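Subject: Handing over the structure, with notes

Dear colleague,

I am passing this structure on to you, and my notes on it follow below. Please keep the structure open beside the text as you read.

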Amino acid sequence: MVEEIASTADGNIILNLGPQHPATHGVLHLVITINGETIQKVEPHLGYIHRSIEKMCESLTYRQFIYVTSRMDYLSSHINNHACALCVEKGLQIEIPSRSQVIRVLMDELTRIASHELWWGAMAMDLGAFTPFFHAFREREAINDIMEETCGARLTMNYMVPGGVMQDIHPNFQRRVKEFITLFKSKVSEYNELVTGNIIFQNRMKGVGNLSAADAISFGCTGPTARGSGVSCDIRKLYPYEIYEKLDFEEILESDGDSFARYMVRVREMSQSISIIEQLIDNIPEGDFQAKTKAVLKLPKGEFYQRVETARGDFGVYIVSEGGTTPYRIKYRSPGFSNLSALDHMARGSKLGDLVAMMGTLDLVIPDIDR
Amino acid sequence: MFILKYIKEVYNGLKSLVVGLRRTLYYFSHHKEIITQQYPDNRDTLVFPDRFKGEVVMLHDDNNEHACTGCTACELACPNATIKIITKFDITPEGKKKKAIDKFVYHLELCTMCNLCVVACPTNAIKMAQTFEHSVFNRAELTKVLNKPASKIREGVE
Amino acid sequence: MWSFSKISKLIDSWLSVNFSSTWTMVIEMVIAGIAVITLFALLGLVLVLMERRVAAWIQIRLGPNRVGPGGMLQSLADTLKLLVKEGMTPDGADKFLFNLAPFIAMIVAMLLMAPIAFASNFQLWDLNIGVLYVTAISSLMVISILMAGWASNNKYSLMGAMRSGAQIVSYELSAGLSIMSIVVLSGSLNLNEIIQSQADGWWLFKGHIPVVIAFIIFIIAVTAETNRAPFDLAEAESELTAGFHTEYSGMKFALFFLAEYINVFIVCAIGATLFLGGWMPFHIGHWQAFNHVMDFIPSSIWFFGKTFFLIFLIMWFRWTFPRLRIDQLLDLEWKYLLPISMFNILLITLMAILGWHF
């Protein structure tokens with residue numbers, strides 16, 4: 001070596017992983033201290049895609065600010081919009097029609113499947129298997145087509161509005177969702193053949209990235225990350241919103257707390273979402289898709305908080321209103337930020353290859369972390 | 001027994017690999033499963049759902065008349081100042097002044113296709129078009145005037 | 001019927017009539033050199049296209065289909081692109097070693113071409129220790145990787161090179177042992193004689209289960225030796241961006257890229273020679289008519305067919321499996337492959353002594 005490689009006094013090497021790196025799924029910057037292949041410390045540096053969305057929302061009206069939240073966790077944009085719409089409705093104290101409630105839940109669960117599909121492909125890609133990514137996208141495209149037909153967009157839909165949904169569902173919606181369910185069920189065994197059952201994959205995932213239940217709670221992990229450690233934290237069960245309390249579904253829990261447990265939680269969650277969709281798709285009640293609201297929304301003075309379960313965990317919207325047409329302050333509680341904080345704890349002592357696998361199982365979406 | 005366990009481990013490991021190989025061989029040999037769409041070639045057959053949000057257009061009928069009253073509801077609904085309505089005063093045959101649009105300026109480069117303007121319009125004067133190939137060489141071309149030249153407001157639209 | 005051996009004999013006799021023996025030798029060497037370089041270029045183009053096609057079909061895509069008929073000229077276009085790109089040398093790199101490394105990779109790949117029999121009586125160098133030569137030279141490959149990783153002055157490159165070093169050194173063992181099992185059976189280190197010993201049937205079929213095990217171990221080991229997925233730890237895209245060739249660009253990168261594919265070709269050619277009978281046609285017992293039809297197919301087609309089948313196997317692995325971790329990679333070698341192949345070679349030795357094979 002011509003120049004000295006940057007290293008600490010005790011002979012460890014400091015490696016900058018990112019912001020441009022294939023494994024960080026965006027612009028996450030990890031400063032890793034490694035000893036050979038063994039990780040001593042992981043230090044995430046954030047802020048490369050910070051767009052001050054919270055500040056932007058303060059200058060937008062209660063109808064307008066919802067579309068911005070699609071750009072945070074772009075993989076579960078429906079669910080983000082849903083949380084905002086719910087929070088505004090809470091402030092306005094309006095009841096929304098049951099038809100729009102069912103449509104919202106259907107869209108949420110479709111989004112959850114789409115998000116987990118993408119995660120599944122990206123997860124396999126992190127471990128060096130390229131093929132599952134394309135196979136996952138085949139199913140995800142089917143969902144995107146459904147979304148495109150009803151909401152008019154494939155990624156940033158802006159379909160949930162205060163009072164209901166923006167448009168009624170497309171006449172083809174029910175038929176196409178049923179087609180998707182058949183497609184998904186016929187393809188889900190491939191996931192086990194290609195990835196889950198594979199001995200190389202299992203060896204890479206089992207017993208690495210251990211996160212105990214106590215640690216998961218103290219780091220504030222939510223969603224599949226915490227449920228992989230056996231922490232019951234599904235907002236749909238604990239603080240049901242919309243019609244979730246009437247639905248029959250299971251909160252997926254795995255007790256091992258390793259990467260494989262987190263992987264299994266997500267894979268099994270897809271089947272649960274399919275079962276929720278199956279319960280609802282034939283039972284969409286007739287009625288309005290939107291409640292009557294005033295042209296200009298004004299929230300009463302006060303503070304409002306609403307949490308929902310996104311594909312990544314507990315997403316919260318906190319609105320402080322001074323009684324005007326725009327919020328005084330908005331704060332989003334994003335699941336990715338807290339989940340990422342556990343990475344250092346999980347990664348210490350494991351190999352560099354494992355770090356990539358762990359980041360995959362945390363299902364990081366960087367714009368969600370930075371906002 | 002140790003040896004038996006070892007052999008079983010090797011056998012199960014190999015079996016899981018063979019299962020994966022069989023799946024990929026299936027896709028390798030079954031080309032009907034290919035899902036690629038060759039985009040620029042299939043332009044003619046490309047069908048977009050009618051709700052697809054491509055860009056905002058103003059609807060004109062055969063008499064070159066539109067339904068925009070210039071009420072600026074869309075301008076107010078837009079989160080990023082994409083729409084700017086410039087109004088003028090028409091003189092009606094009765095000699096009264098009537099507010100009408102002079103220019104409906106639409107900044108496509110700022111638009112996020114959120115559909116809020118279309119929802120806000122009281123007279124359904126604007127809608128989302130399904131065009132999506134918006135690339136141009138000059139940014140100024142993205143600033144569009146949506147009302148056609150010499151177009152008028154349709155009779156009876158208030 | 002024309003064949004490679006007839007052409008080479010024709011050229012040889014024409015040259016020896018018209019020139020002195022020294023000049024004949026020189027001209028023949030030049031022709032051989034040009035032939036090898038041409039083969040290199042052709043193989044690079046064909047293999048890259050083949051890999052992309054295999055990957056695309058497995059991934060339910062179409063693959064290259066824009067340049068030329070059915071995308072056939074895609075790799076030619078890629079080569080053109082790489083040729084006109086700037087070959088940068090990073091600041092702080094060891095410039096001499098950095099620029100030398102890709103050429104070492106190519107030279108090693110070229111040297112390995114020498115003892116391979118491409119068709120019956122068509123070989124550059126009929127070496128009586130051909131197997132030993134191949135195993136010895138192929139381990140030089142790691143030097144170019146270490147050189148590239150070290151000289152790049154990049155931590156990713158360095159880690160990739162170190163991984164590759166550990167990997168190639170360990171997998172040499174089981175690759176060597178499974179090659180040895182054929183040497184034991186055929187009783188020769190000469191590649192030509194090994195092929196001749198398979199005239200009555202390929203070793204894969206003659207040698208019962210132990211040879212099948214040796215073949216599987218050979219395929220796994222050479223996949224690791226050529227740094228192909230699932231053992232592509234030296235490149236490990238999602239961990240080390242591009243591993244040892246992170247800093248290479250333009251034609252220098254292309255040489256590494258080409259060397260990888262040539263190495264795949266060579267190890268598959270060796271595998272085809274040892275286990276699948278090289279250019280020997282496929283014969284079944286006493287079915288004279290069938291055997292005669294098989295004989296009618298030129299020997300070069302047999303050789304390339306077998307080789308490309310093995311190449312397809314390796315590509316198929318790459319697009320199916322996830323990558324191993326470095327400690328698991330070494331575990332696999334030292335805990336599974338090495339004990340199994342040691343036990344296996346004992347069995348094969350016993351088999352060879354007692355004459356249990358067909």
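How many helices and how many strands are there in chain B? Chain B has three helices and seven strands, and if you follow them along the sequence they come in the pattern α-β-β-α-β-β-α-β-β-β. Before going further, please bear in mind that this is a predicted model, and that the values below are computed from it.

Chain B

The radius of gyration of chain B is 28 Å, well over the 15 Å that the globule rule gives for 158 residues, so chain B is more spread out than a compact globule. Chain B is divided into domain 1, residues 2-35, and domain 2, residues 55-153, and the C-alpha centres of domain 1 of chain B and domain 2 of chain B lie 59 Å apart. Of the 158 residues of chain B, 21% count as buried. If you take the contacts in chain B between residues at least 6 apart in sequence, 73% of them join residues at least 24 apart.

One residue of chain B deserves a careful look at its backbone. B:Thr72 has a phi near 65°, which is a positive value in a residue other than glycine. Most residues other than glycine have a negative phi. You will find B:Thr72 in the loop between strand S2 (65-66) and helix H2 (73-77) of chain B.

Chain A

Chain A contains 15 helices and eight strands. The radius of gyration of chain A is 21 Å, close to the 21 Å that the globule rule gives for 371 residues, so chain A is as compact as a globular protein of that length. The C-alpha atoms of chain A fill a box of roughly 70 × 50 × 35 Å along the principal axes, and 54% of the 371 residues of chain A count as buried. Among the contacts in chain A with a separation of 6 or more, residues 24 or more positions apart account for 70%.

Strand S2 (residues 29-35) and strand S3 (residues 38-45) of chain A run antiparallel and are joined by seven bridges, with A:His29 standing opposite A:His45 in S3 of chain A. These two strands of chain A form a hairpin with two residues between them, and A:Gly36 in the turn has a positive phi of about 65°.

A:Glu242 is found in the loop between helix H10 (235-238) and helix H11 (259-281) of chain A. Why does A:Glu242 count as buried? A:Glu242 counts as buried because it has 20 C-beta neighbours inside 10 Å, and 20 is the number at which a residue is taken as buried.

Chain C and its contacts

Chain C has 15 helices and two strands. A compact globule of 358 residues would have a radius of gyration near 21 Å, and chain C has 21 Å, which agrees. The C-alpha trace of chain C spans about 65 × 55 × 45 Å along its principal axes, and 47% of the 358 residues of chain C count as buried. Residues 24 or more positions apart account for 78% of the contacts in chain C with a separation of 6 or more.

Which parts of chain A touch chain C? Strand S1 (13-17), helix H4 (98-126), helix H5 (131-151), helix H7 (199-205) and helix H14 (352-362) of chain A each supply at least two residues to that side. In total, the contact takes 31 residues from chain A and 28 residues from chain C, and the side of chain A that touches chain C has 17 nonpolar, seven polar and seven charged residues.

Chain B also meets chain C, with twelve residues of chain B in contact with eleven residues of chain C. On the side of chain B that touches chain C, there are seven nonpolar, four polar and one charged residues.

Key:
Residues are numbered from 1 along each chain as its sequence is written. Chains are lettered from A and ligands numbered from 1 in the order in which they are written. This is a predicted model: local features need pLDDT of at least 70, side-chain atom pairs count only at pLDDT 80 or more; totals for chains, interfaces and linings use all residues. Two residues are in contact if their C-beta atoms, placed from the backbone, lie within 7 Å. Helices (H or I, at least four residues) and strands (E, at least two) are DSSP runs, numbered from the N terminus. Ala, Val, Leu, Ile, Met, Phe, Trp, Tyr, Cys and Pro count as nonpolar, Asp, Glu, Lys and Arg as charged, and the others, Gly among them, as polar. Two strands pair if DSSP finds at least two bridges between them. The radius of gyration is taken over C-alpha atoms; the globule rule is 2.2 Å times the number of residues to the power 0.38. A residue is buried if 20 or more other C-beta atoms lie within 10 Å of its own, exposed if 12 or fewer, and partly exposed in between; C-beta atoms are placed from the backbone. Domain bounds come from an automatic or database domain assignment.
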